[in-house]
Amino acid sequence: MAIELVVDEKLLGTDISESLNLASRIVQARQIINTPANDLWPEKLAEICITASSGLPLEIEVWDEERLAKENCGGILGVGQGSERPPRLIKMTYRGGGKHLGLVGKGITFDTGGLSLKPAESMVGMKYDMAGAATVMAAVLAIAEQKLALDVTAILCVAENMPSGQATRPGDVLTMRNGKTVEVLNTDAEGRLVMADGLSLLTEMNVDHIVDVATLTGAATIALGNRYAGVMGHGEAVSLIRTAAVESDELMWEMPLPAELRPLLDSDLADLTNVKIGNRAGGMLIAGWFLSEFVNPDASWAHLDIAGPANNDGGPFASTPKGASGVAIRTLVQMAKNLSSS
């Protein structure tokens, strides 16, 4: 099949190999995100990462449940312990020299809500709850293929959130990788629990910038609709992401982290809770505050809540098909390009 492109004369001879490479990775991510949960579980996603990385300058490390316990990753273990298909942490490392970019992706291969069970209609589509992990994976693959001059460490935090006799209960206390304890008041606020371990690991590595990507809150769609991703955080990473999003023609909007919301996460039993029961105000921002507990206060860190644009329930528009969109992949790769040339 031949494709004919009609372009401005000044663009004749332009090398589009990088664009084609990026497009192929976006399509790959969409296919993975669209895969039904009975065909995609934590171990399977790890296998996909290993296969996709073949032949590329990447190092892949997969932590099973025993390694996760040894490494004190209580968030990932706590979310995944209700499933018969145990959790995984997937570490992808690219060494191109220069700045060190850390990426974290939420990889809940299916989210029932755990013992805080979702209503039936809210459970439909929860195969998309691993879009953050697929986004990060695709970005690292594209960065490696383009041989960009920076180091990248990506942490994919992968679990299946299921109810069972072994599942985490509301009121249980989990210990995260960085030693902080979390009272789990709602097991359906699980994404922030797995992300806490990934953010802690990158913080230990003293990377220059951290970006996490997650379909984290339904509140994001209430605030921003279905086409804008929310950006929260502090330090240079926020402006780097905003610039890259504009250059990539992706819709992202910076949201605040209001100081008055942080006390809502105070706990009588632990360092913090994962939600404030009964509070419906600022849910996306409260989730951002939770994640901020697992990076240094002076870190260059940006949190992307892609719950709205990660999946398109309506008809296709522009370059976005129905189903998984692959949102934020272009932005992450553009940010990496900008860092590699700085």
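Good morning. Helix α1 makes the greatest contribution to the lining of the second largest pocket, with seven residues. What we are viewing is a predicted model, in which local features need pLDDT of at least 70 and side-chain atom pairs count only at pLDDT 80 or more, while totals for chains, interfaces and linings use all residues. Residues are numbered from 1 along each chain as its sequence is written, and side-chain values use heavy atoms, with hydrogens and water left out.

Helices (H or I, at least four residues) and strands (E, at least two) are DSSP runs, numbered from the N terminus. A pocket is an open set of points on a 1 Å grid over the protein atoms alone, where a 1.4 Å probe fits, with protein on both sides within 12 Å along at least five of seven lines; lining residues have an atom within 4 Å of a point.

The second largest pocket holds about 340 Å³ of space, the volume being that filled by probe spheres set on the points. Its lining has 16 residues, and S19, L22, A23, I26 and R330 are the closest to the centre. Both α1 (17-34) and α11 give two or more residues to this lining.

I turn now to the sheet. Eight strands form an open sheet with mixed pairing, in the order β1-β2-β4-β3-β7-β11-β8-β9; two strands pair if DSSP finds at least two bridges between them. Strands β1 (58-63) and β9 (252-254) stand at the edges with a single partner each, so one side of each has no neighbour in the sheet. Inside the sheet, β3 (residues 100-111) pairs with β4 (residues 151-161) in the parallel sense over eleven bridges. D111 is placed opposite N161 of β4.

Next, the cores. A nonpolar core is a set of buried Ala, Val, Leu, Ile, Met, Phe, Trp, Tyr and Cys residues joined through side-chain atoms within 4.5 Å, and buried means under 20% relative accessible area, with a 1.4 Å probe and protein chains only. The largest core has 61 residues, and M92, L156 and V211 have the most contacts inside it. Helix α6 (residues 131-145) gives the most to this core, with twelve residues. Apart from it lies another core of 45 residues, among them M255, L265, M284 and A287.

Finally, is M232 buried or exposed? M232 is buried, at a relative accessible area of 0%, and lies in strand β8 (residues 229-234). Beyond its neighbours within four places in sequence, M232 is in contact (heavy atoms within 4.5 Å) with residues including M255, M284 and W301. Thank you.

Notes:
Buried < 20%, exposed > 50% of the residue type's maximum accessible area, 1.4 Å probe, protein only.
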